[in-house]
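Could you walk me through this model in the viewer, one selection after another? Please tell me what to pick at each stop and what is there.

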Amino acid sequence: MWQALYEELGDRGFVVIAVAMDSREGDPLPWIEAARPTYPTPIDREHRLAELYGIVNVPQAVWIDEAGRIVRPAEPAGAYEGFRRMNRATREMPEDVARLTAQAKATYLDAIRDWVRAGDRSEHAFTAEQARAHLPAVTADVVTAQSMFRLGQFLLAHGESAEGQRWIREASRLQPDSWCIWRQGAGVNDTGLAALPDFWERVDALGAARYYAPVDMKGMP
Amino acid sequence: MVTLLTDAGEFTVPGAPASMTTLWCPARDAEAATGWVAKPEGLCRGPVCVPLPAGREREFVDGGRVDLAALWRHLGQPVVHSDRGHVWVLAQSARDRAAALASLEAPDFALPDPTGRVHRLSDHRGKKVLLVTWASW
């Protein structure tokens, strides 16, 4: 998805930086090899971007202009939570899910194209006031949770698993709306996804709330 | 020996004893990891100086060492450490982080790719950047 966009817009002063929020070093490698990206693909083991930009889920993206100004703060990047409506026995999706998924992706990509073409005249480029109104809330609990996550990851990477995992659980308790923290700390299934029964329980507990926060963009489902 | 995790990165401080209450670091290490320096007017970072509470100066600065834990708590910033006190995370307060975001100046970062090459947001100044996250999980 990002490679095609980068190939299309890369010569118009646009770059993609696709950051893997992966704490176990080897995990993202097969994905990066398969995507053959020509844009930067750094790995953020300690989820520093969560602290710096308020990232709580993937895929989330931030638009940053030529002067280094945040044009659109962290928000879901063309994602639709169709997986919540999957038949979990047969893995079948309701018919309209594919359409809504495609709509979310196309709407988001078209918005990026418009921004790259028109800059701050694009209807999708927030004014400073709008951008500030869309910033994620930073609370004392959130910054403490990020510190605990960073500590936990450091301990895990240095062989202190039990204590490391405890800090990550504690971080998730303090910042429950971060799927990045929860899923990084959760067990994974045979395809490497943090989608064991405890994931589905947590998703079901959302009820009417969204898994991907709503995106303030015309045409976005 | 203590490992410090700060906004500036990861720092190993051999001269700091592991403790669960204090974080006494040689002044040079404290400055490298946090930017804070002891001066006659108090503890300073760039142009900002914080006077130390009268009569309690020794709780913060003593014989060429700085207790970064005491400073961080004094500043109301989050301090988290491992059970043994050998790893400490010193982060910005929620207020400072929120103010930084509200400036809309995109914070820089330095993250390595699988080949070890370090990528910074500031490498791409002059271009529009889609900073997008993903994960294998």
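Now widen the selection to strand S2 of chain A (residues 60–64) and S13(B), which pair in the antiparallel sense over 4 bridges. Strands count as paired if DSSP finds at least two bridges between them. Helices (H or I, at least four residues) and strands (E, at least two) are DSSP runs, numbered from the N terminus.

A word on what you are viewing: this is a predicted model, where local features need pLDDT of at least 70 and side-chain atom pairs count only at pLDDT 80 or more, while totals for chains, interfaces and linings use all residues. Residues are numbered from 1 along each chain as its sequence is written, with chains lettered from A and ligands numbered from 1 in the order in which they are written.

Next, select the whole contact between the chains: 39 residues from chain B and 65 residues from chain A. Residues are in contact if their C-beta atoms, placed from the backbone, lie within 7 Å. On the chain B side, S10 (87–90), helix H3 (94–102), S11 (110–112) and S13 (128–134) each supply at least two residues. S13(B) gives the most, with 7 residues.

For the complex, the predictor gives an ipTM of 0.95 and a pTM of 0.93.

Technical notes:
Contact = placed C-beta atoms within 7 Å.
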